[in-house]
Amino acid sequence: MERRRKLGLALVALLALAGLAACGSGDDDGGDAAGGGGGASAGAFPVTIEHAFGETTIEEEPERVVTVGLTEQDTLLALGVVPVATTEWFGDHPGAIFPWAQDELEELGGDTPEVMSDATEINVEAVAAQRPDLILAINAELDQEVYDSLSEIAPTVARPEGTIPYGVPWDEATRMIGRAVGRAEEADALVEDVEAELAAVRDEHPEFEGATAVVATPWEGIYVYGPNDARGQLLTELGFEMPPGLAELTGDEFGANLSQERAEMLDVDVIVWLDPEDGEGPLGGPLYETFPVHTEGREVFLDSYDDPLGAATSVVTPLSIPFLLDGLAPRLAAAIDGDPATELPAS
């Protein structure tokens, strides 16, 4: 995967330069649990980060970082930091490290993180047992009570003010995490590199610009992801537009169920179906079967559990995006041409 290799080489070089410039904050033992990428930048601490529950001050470079959000581990690894513990979302991967991030963990030489709990709840006791000095809860759902409990254990960084749970854009989360671990410049460079890769794909596929697209799954009928969700945001970053009315339908949530009366919202130029086998009856319903998006084969079908490309569509991070650009963009291009005979590339 050429894009991913280039991104990795660029980050290795950048982190090495950051390590030469840093002035050795942290203990003499190197802080192996959190380190591996050259250490924090000189003068990075103390740092105060504002978020939905107020502000958090981190006095010194953390050595034991715990993630209770669902995707922060990717960004940490991209910045050269190995978390000591993670929260599992889906897929049952060791350490909750997805396939596209496993090489980064190996290259950093860190131990596989311990998985504390799954996405159904934040296990405060398990977090405390890890003796963290930083807790990341950006891509998470937590209330004031849980935040207060976590903050009693260690400095805790939650989602930004004005964002919804699970709705923080990948670039904003990356910069937030970069500040928290003393690697703000590296985070900025990482975002710029990934944005450049997105721009290159838009240039390669002008047919994406202005075309309508949506990500859906047959959960409790038809569930569509809106502009507050990473899946929808990825499509718009590729140049697509969401169907009219979708933002109003999803409101302040990351998605919404679509009634049969609103099935016209699926009458788009291309649709990405996640886990289509989970549905009952005709996928999308009888009206959907009459739309050109279906009759002309403008569909991309992905499996979240057995196909890393399907999983990456939900886990949108600086590490997964290059992987997605290599795998998903060609499938979108093959689907959008409207020719049912076009063979879609394999995942």
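Rings of Phe, Tyr and Trp (its six-membered ring) are taken as a pair if their centres lie within 6.5 Å; planes under 30 degrees apart count as stacked, over 60 as edge-to-face and the rest as tilted. On that basis the structure holds 13 aromatic pairs. One of them joins F98 and W100, which are stacked, with 4.9 Å from centre to centre and 5° between the planes. F98 counts as buried because its relative accessibility is 3% (buried means under 20% relative accessible area, exposed over 50%, partly exposed in between, with a 1.4 Å probe and protein chains only). W100 is buried too, at a relative accessible area of 0%. Y288 and F291 make an edge-to-face pair, with centres 6.3 Å apart and planes at 90°; both Y288 and F291 are buried. F98 and W100 also belong to one aromatic cluster, together with W89, F90, Y305 and F323.

A word on the basis of these values. The model is predicted, so local features need pLDDT of at least 70 and side-chain atom pairs count only at pLDDT 80 or more, while totals for chains, interfaces and linings use all residues. Residues are numbered from 1 along each chain as its sequence is written, and side-chain values use heavy atoms, with hydrogens and water left out.

Next comes helix α13, residues 320–336 (helices, H or I with at least four residues, and strands, E with at least two, are DSSP runs numbered from the N terminus). The 17 residues of α13 reach 23 Å from the first C-alpha to the last, close to the 24 Å expected at 1.5 Å a residue, where the expected span is 1.5 Å times one less than the number of residues. α13 is mostly covered, with 15 of its 17 residues buried. After α13 comes G338, with a positive phi near 75°.

Turning to the strands, five of them form an open sheet of mixed pairing in the order β10-β9-β8-β11-β12 (two strands pair if DSSP finds at least two bridges between them). β10 (255–257) and β12 (299–302) stand at the edges with a single partner strand each, so one side of each has no neighbour in the sheet. Neighbouring strands here are turned by 25° against each other on average, direction ignored; the axes are lines fitted to C-alpha atoms, for helices over the stretch in contact, and angles run from 0 to 180 degrees between N-to-C directions. Strand β9 (residues 223–225) runs antiparallel to β10 and is joined to β10 by three bridges. Y225 stands opposite G255 in β10. The ring of Y225 also has the charged end of R231 sitting over it, 3.9 Å from the ring centre (the criterion is NZ of Lys or CZ of Arg within 6 Å of the ring centre and within 35 degrees of the ring normal).

The peptide bond from F45 to P46 is cis, with omega near 0°, and P46 lies in the loop between α1 (2–21) and β1 (47–51). A96 is not a glycine, yet has a positive phi near 60°; A96 sits in the loop between β4 (85–88) and α3 (99–108) and counts as buried at 4% relative accessibility. Y166, likewise not a glycine, has a positive phi of about 70°. Y166 is in the loop between β7 (156–158) and α6 (170–180), and is partly exposed, with a relative accessible area of 23%.
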